[in-house]
Amino acid sequence: MEQMEQYIQKKQWTQYGLCVIGALIYAIGMNTFVASMGLYAGGVMGVSQIIHSVLVQKLHVNLGSFNLGAVLYTLLNVPLFIMAMRSIGKRFLIKTGINVVFVSIFLSLIPVPKVAIIEEHLTCALIGGIICGVGSGITLQAGGSGGGLDILGVYLAKKGKSISVGKLSMLINGVIYGICIILFDVSVAIYCIIYAVFQSIVVDKTHTQSINVQVMIFTRNSGDAIRKMIIQEFNRSATIWDGVGGYTEKETVIVYSVLSKYEAAILRRMVREMDPHAFLVLNEGCQISGNFQKHL
């Protein structure tokens, strides 16, 4: 029991570190490839960028080196933080807060190149989308979010809605980029859409908590120990039945459960430690109907 508590505590600190790493990767992709080409991110970050551009380009407000976008990004997340605190969970809120704060810090510290590293808008949009998507996905993988639409997407997923974080981002970003067409230039909006699509795809591929996996464990040891581990560690249930090996003709225990891909990877390592000879079958992307709660 003490080892389990130490494992959980170590995992929490690892996840906090991943939230910081995710923030750094996102900020690098944003400032180096997206902002340097005058492109706009989606969601709350995109809204912050648009407000900053309107003040500087349209209203000719001199902000100097002050990064208003980073400040607005933090302020606009406040109401979403309140929603997360009330309906999603304390740990999610802490990890999201860590990521949002460090994104703001890194955006302020990492300079936007005056001359773009790559002069081709399409290439920057693709690379920026991939890098920012990896950064956001790592944070989601750690049980937090990058704030903004990620919070809303996780909230809807947890409520059982058939929508992922990436799909929600693409839907709302369509409205944001429509505003970009009106205020700025059509070509800018097109490249922004390309960036958003690639970022959303990478986020959904990285956010393995949204992928369901059927797990069947065949063991000659006590299946009850594995069942208890699934309940205690993942807050999931499991079904156990007895079987007979077709080749060995020896009795075996079969444990069946449905987890997220993220949880299944952890379970696989834990089962190997309990029974190195266990046989595992994992079926990814299964369709589920019934009481199956999305976990962060």
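**Stop one: charged pairs**

Select Asp224 and Arg227: they form a salt bridge, with their closest N and O atoms 2.7 Å apart. Bear in mind as you click around that this is a predicted model. Both residues sit in helix α10 (residues 223-234), 3 residues apart, or about one turn of the helix. Colour by accessibility and Asp224 comes out as partly exposed, because its relative accessibility is 31% and the cut-offs for that class are 20% and 50%. Arg227, at 24%, also counts as partly exposed.

Lys228 has 41% relative accessibility, so it counts as partly exposed.

Next, jump to Arg236 and Glu263, whose side chains meet in a salt bridge of 3.2 Å, N to O. This pair ties together distant parts of the chain: Arg236 is in the loop between α10 and β2 (239-244), while Glu263 belongs to helix α11 (residues 261-274), 27 residues apart. Buried or exposed, what is Arg236? At 7% relative accessibility, Arg236 counts as buried, and Glu263, at 6%, counts as buried too.

**Stop two: a nonpolar patch**

Show the surface and select Val175, Ile179, Ile181, Ile182, Leu183, Val186 and Ile190. Together they form a nonpolar surface patch with about 630 Å² of accessible area. Which helices supply it? α8 (165-183) and α9 (186-206) each provide at least two of the patch residues, and α8 gives the most, with 5. For a closer look at one member, pick Ile190, which is found in α9. Its relative accessibility is 45%, so Ile190 counts as partly exposed.

**Stop three: helix α2**

To see the buried residues of α2, highlight Gly43, Val44, Met45, Gly46, Ser48, Gln49, Ile50 and Ser53. Then step just past the helix to His60, which takes a positive phi of about 55°.

Key:
Residues numbered from 1 in each chain as written. Predicted model: local features only at pLDDT ≥ 70, side-chain atom pairs only at ≥ 80, totals over all residues. Heavy atoms only, no water. Patch = residues over 30% accessible without salt bridge, like charges linked within 9 Å, V, L, I, M, F, W, Y side chains within 5 Å. Areas by Shrake-Rupley, 256 points an atom, 1.4 Å probe, with all protein chains shown as cover. Salt bridge = Lys/Arg side-chain N within 4 Å of Asp/Glu carboxyl O. Helix = DSSP H or I, 4+ residues; strand = E, 2+ residues; numbered from the N terminus. Buried < 20%, exposed > 50% of the residue type's maximum accessible area, 1.4 Å probe, protein only.
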